[in-house]
Amino acid sequence: MEAPDCEVLSVREQLFHERIRECIISTLLFATLYILCHIFLTRFKKPAEFTTVDDADATVNKIALELCTFTLAIALGAVLLLPFSIISNEVLLSLPRNYYIQWLNGSLIHGLWNLVFLFSNLSLIFLMPFAYFFTESEGFAGSRKGVLGRVYETVVMLMLLTLLVLGMVWVASAIVDNNKASRESLYDFWEYYLPYLYSCISFLGVLLLLVCTPLGLARMFSVTGKLLVKPRLLEDLEEQLYCSAFEEAALTRRICNPTSCWLPLDMELLHRQLLALQTQRVLLEKRRKASAWQRNLGYPLAMLCLLVLTGLSVLIVAIHILELLIDEAAMPRGMQGASLGQVSFSKLGSFGAIVQVVLIFYLMVSSVVGFYSSPLFRSLRPRWHDTAMTQIIGNCVCLLVLSSALPVFSRTLGLTRFDLLGDFGRFNWLGNFYIVFLYNAAFAGLTTLCLVKTFTAAVRAELIRAFGLDRLPLPVSGFPRASRKTQHQ
């Protein structure tokens, strides 16, 4: 009887050491992401909000900033979740018996998916509302001023918000699925209510990705064109430098002689415009000093890479639409156990896995570009050392919604065959064929429409510039045209 007891004891010790190792690895990964996000947010925060005369306001803003850093780290972890899983599977396939990668296993990957799901729920439902109410609170009337009074008010507001959201989700569940068992399941707060609420939030995030990603794919060409130096055939830097210097000189004269103009001048606005023009002139000087390789090779290669990645994304989605009509296995589904290192999730092997990872990152960057380019969310765009605390909270919430929906988005479009792990695969709408099919068709249609509109507009502008039609004295729409009688006179 002693030998079996020793074996059971050794198995328990091995499981214990594996859990400790997974906790250490997860902690190190999260600490790395947290440090990177903290450095990133400190570049955008407004320093005046953290050096105020009132110590309570500064303390509240510091606490809110740490909560935003935690949320942004979870968002970055959600972005890296699916690529890390795909790469881990290929590494285990290539090196199945390597001693130095024994820590990389299915249990670790499954635990990371569960942790991201848990902390995404925690951040969206509790931490970010707490941070917003905390920065806006002043304490109850008659209570002592300070951080503790603000905490009491924030907790009360958060409890009221939780009751409101709980009631709305319960009513929505009763409308969508009028079943007594489904409504009673919502009373189980941890097992059913939070996953159901997160399923609704994830569905909104997937819809937001559907709108922002095609817009971002079209905007990526213009954004890349602004960052890189174009060939001399496509832009005249000398003319831009001359115009910038002329505008800068005109603004300098207006600032030095404010009384010479009979219109009232906003000196602060003029100083901001002058600073922007000086920054633009410095950037133009750097672009003019670029080498011939950067000018004639970098820009065409970047445009070619964007065109290939965009076309490949649309092609994969089109193929996935055909697979949905033929094979039921193309539907996204969840996987309870992470069986890694057994089979590749791409028909092209490791090369296909690398292409999948590149496409996932490319679509995520495009969705962020499209999100901040849309008229509805353009005001949320952060500014360097000039972003208010409430604006930082809004940005963190939006980025978390987008990033936490990225695994579901990628699997729904067929960008990868890696099935969703943990609670990410428990979303009810993933099993609906019509929703998945219409989502794929809408993505392909919107992306094609945005690209065609962008390229035709660019070609039309180049043709107008080439034929000199932009120099014609066209009538201004804001002023009425003169009548024929006036013209004859």
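Helices here are DSSP runs (H or I) of at least four residues, numbered from the N terminus. The model shown in these views is predicted.

**View 1. Ser120 in helix H3.** Ser120 is found in helix H3. Because its relative accessibility is 0%, and buried means under 20%, Ser120 counts as buried. Leaving aside residues up to four places away in sequence, Ser120 touches Ile74, Tyr198, Leu400 and Ser404.

**View 2. Course of helix H3.** H3 covers residues 106-136, 31 residues in total. From its first C-alpha to its last, H3 reaches 44 Å, close to the 45 Å expected at 1.5 Å a residue. A bend of about 45 degrees occurs in H3 at Ser123.

**View 3. Span and kink of helix H2.** H2 consists of 40 residues, 55-94. At 1.5 Å a residue H2 should span 58 Å, and its end C-alpha atoms lie 56 Å apart, which agrees. At Leu80, shortly before the proline Pro83, H2 has a kink of about 35 degrees.

**View 4. Contact of helix H2 with helix H10.** The axes of H2 and H10 (residues 350-373) come within 10 Å and cross at roughly 170 degrees. Angles over 145 degrees count as roughly antiparallel, so H2 is roughly antiparallel to H10. On the H2 side, the contact is made by Val79, Leu80, Leu82, Pro83, Ile86, Ile87, Glu90 and Ser94. H10 contributes Ser350, Ala353, Gln356, Val357, Ile360, Phe361 and Met364. Eleven residues of this contact are nonpolar, three are polar and one is charged. Leu80, the site of the kink in H2, is among the contact residues.

Methods: Residues are numbered from 1 along each chain as its sequence is written. This is a predicted model: local features need pLDDT of at least 70, side-chain atom pairs count only at pLDDT 80 or more; totals for chains, interfaces and linings use all residues. Side-chain values use heavy atoms; hydrogens and water are left out. Helices (H or I, at least four residues) and strands (E, at least two) are DSSP runs, numbered from the N terminus. The expected span of a helix is 1.5 Å times one less than its number of residues. The bend at a residue is the angle between axes fitted to the seven residues ending there and the seven starting there. Axes are lines fitted to C-alpha atoms, for helices over the stretch in contact, and angles run from 0 to 180 degrees between N-to-C directions. Angles under 35 degrees count as roughly parallel, over 145 as roughly antiparallel, 65 to 115 as roughly perpendicular and the rest as oblique. Contact means heavy atoms within 4.5 Å. Ala, Val, Leu, Ile, Met, Phe, Trp, Tyr, Cys and Pro count as nonpolar, Asp, Glu, Lys and Arg as charged, and the others, Gly among them, as polar. Buried means under 20% relative accessible area, exposed over 50%, partly exposed in between (1.4 Å probe, protein chains only).
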